[in-house]
Amino acid sequence: MAAELFSLAGKTALVTGGASGIGQAIAVALAQAGADVAITVHSAAADETHALVAATGRRYHEVQCDLGSQADVQALLDAVAAELGPVDILVNNAGIIRRADLVEFGEEDWSDVLAVNLDAVWRLSQAAARGMVQRGGGKIINIASLLSFQGGIRVPSYTASKHAVVGLTKAFANELSSKCVNVNCIAPGYIETANTAALRQDEQRSRQIMERIPAGRWGRPSDLGGAAVFLASSAADYVHGHTLVVDGGWMAR
Ligand code: NAP
């Protein structure tokens with residue numbers, strides 16, 4: 001019974017930015033739960049993700065896509081549908097961060113981050129939602145951040161984008177929940193990926209962050225897999241507009 005509740009067998013998932021970090025871990029977890037998985041790839045190769053998904057026995061497809069430059073999101077969804085079937089589960093994971101002192105923060109560091117972290121989420125979610133509503137249901141999972149709740153330091157465009165993602169998630173949920181489309185967020189804590197490499201290299205910041213995490217360690221990408229499977233599954237059919245924090249207890253401090 002429990003296995004059925006969390007099974008993604010027969011579903012097609014699309015994970016943006018699935019070549020690395022959190023996106024890769026979520027892609028693999030969804031495949032382990034039974035979904036066929038497509039990912040978008042950007043600058044880095046996705047051989048590792050391909051091998052990990054293939055090892056689960058599920059089908060895999062990748063689409064080259066720059067989500068920072070008005071990508072043709074319908075063409076992306078059509079490409080996945082042609083290979084694996086229409087997208088039942090969309091995970092908006094691709095994201096970037098730029099760090100600089102607020103007073104020095106550049107125009108491009110503002111607009112580039114908003115383009116990937118917010119505009120692409122809006123455009124891809126809108127296009128995917130059209131198909132999900134037509135087919136009678138679906139799941140959209142947006143990757144938020146602790147900086148959806150807090151201000152952060154030296155990352156104003158990232159903070160603005162991640163606050164906005166939580167708001168957008170609620171806006172989508174309000175219109176789509178009666179149509180059996182669940183739209184939710186996962187807010188990861190401090191996770192060991194390329195996104196946080198600069199923080200981990202800064203000994204003082206790294207120690208300060210560790211000291212505040214009740215779990216006593218940084219998160220691993222695989223720590224996010226269970227939350228993604230839950231929100232993608234029928235176990236979460238009555239969960240709408242929620243932000244599920246997976247942070248080792250950071251927000252509880
Ligand atoms: P990551 O390994 O750098 O993953 C980011 C992914 O997004 C990469 O696969 C990257 O592909 C892709 N991407 C970047 N720009 C893109 C573009 N223009 N078009 C298409 N894809 C693009 O870092 P991560 O930590 O796993 O980040 C994944 C998500 O988690 C992000 O939304 C991030 O904000 C969020 N998050 C991370 C943490 C953390 O502590 N790590 C905490 C909270 C939230 P390329 O590398 O090929 O460009």
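Mentor: Let's start with one idea: a polar contact is a pair of N or O atoms within 3.5 Å; within protein, one must be able to donate a hydrogen and the other to accept it, and residues adjacent in sequence count only if both atoms are side-chain atoms. You're looking at a predicted model, where local features need pLDDT of at least 70 and side-chain atom pairs count only at pLDDT 80 or more, while totals for chains, interfaces and linings use all residues. Residues are numbered from 1 along each chain as its sequence is written, and side-chain values use heavy atoms, with hydrogens and water left out.

Trainee: Where is the place of Ser-233?

Mentor: Helices (H or I, at least four residues) and strands (E, at least two) are DSSP runs, numbered from the N terminus. Ser-233 sits in the loop between helix H9 (225–232) and strand E7 (243–246).

Trainee: And is Ser-233 buried or exposed?

Mentor: Buried means under 20% relative accessible area, exposed over 50%, and partly exposed in between (1.4 Å probe, protein chains only). Ser-233 counts as buried because its relative accessible area is 1%. Now for contact, meaning heavy atoms within 4.5 Å: Ser-233 touches Leu-5, Phe-6, Leu-8 and Lys-139, leaving out residues up to four places away in sequence.

Trainee: What about Ser-234: which residues is it in contact with?

Mentor: Setting aside neighbours within four places in sequence, Ser-234 meets Glu-4, Leu-5 and Lys-139. Ser-234 is also in the loop between H9 and E7, but it counts as partly exposed because its relative accessibility is 36%. The backbone oxygen of Leu-5 lies 3.2 Å from a polar atom of the Ser-234 side chain. The C-alpha atoms of Ser-234 and Phe-6 are separated by 6.4 Å, although these residues are 228 apart along the chain.

Trainee: On to cores. Which residues touch the most other members of the largest nonpolar core?

Mentor: A nonpolar core is a set of buried Ala, Val, Leu, Ile, Met, Phe, Trp, Tyr and Cys residues joined through side-chain atoms within 4.5 Å. The largest one here has 35 residues, and Leu-14 and Leu-90 touch the most other members. Two or more residues come from each of helix H4 (73–84), helix H5 (107–135), helix H6 (156–176) and strand E6 (181–188). H5 gives the largest share, nine residues. A second, separate core of 32 residues includes Ala-29, Ala-31, Ile-89 and Val-91.

Trainee: How do I read a helix like H6, and how many residues has it?

Mentor: The expected span is 1.5 Å times one less than the number of residues. H6 has 21 residues and reaches 30 Å from first C-alpha to last, close to the expected 30 Å. Its buried residues, including Tyr-158, Val-165 and Phe-172, pack against H5, strand E5 (138–143), E6 and E7.

Trainee: Now the ligand. How many residues surround it, and which are the closest?

Mentor: A residue is near a molecule or strand if one of its heavy atoms lies within 4 Å of it. Here 29 residues surround the ligand, the closest being His-42, Leu-67, Asn-93, Tyr-158 and Thr-193. An oxygen atom of the ligand is 2.9 Å from an N or O atom in the Ser-20 side chain, and a backbone N or O atom of Asn-93 lies 2.7 Å from a ligand oxygen. A polar backbone atom of Gly-95 is 3.4 Å from an oxygen of the ligand. Taken alone, the ligand exposes 880 Å², and the protein buries 91% of that. Those areas come from the Shrake-Rupley method with a 1.4 Å probe; for residues, only the protein chains shown count as cover.

Trainee: Last one: what is the phi of Arg-154?

Mentor: Most residues other than glycine have a negative phi. Arg-154 has a positive phi of about 70° although it is not a glycine. Arg-154 is in the loop between E5 and H6, and it is partly exposed, at 38% relative accessible area. Cys-180 also has a positive phi, of about 65°, without being a glycine; its place is the loop between H6 and E6.
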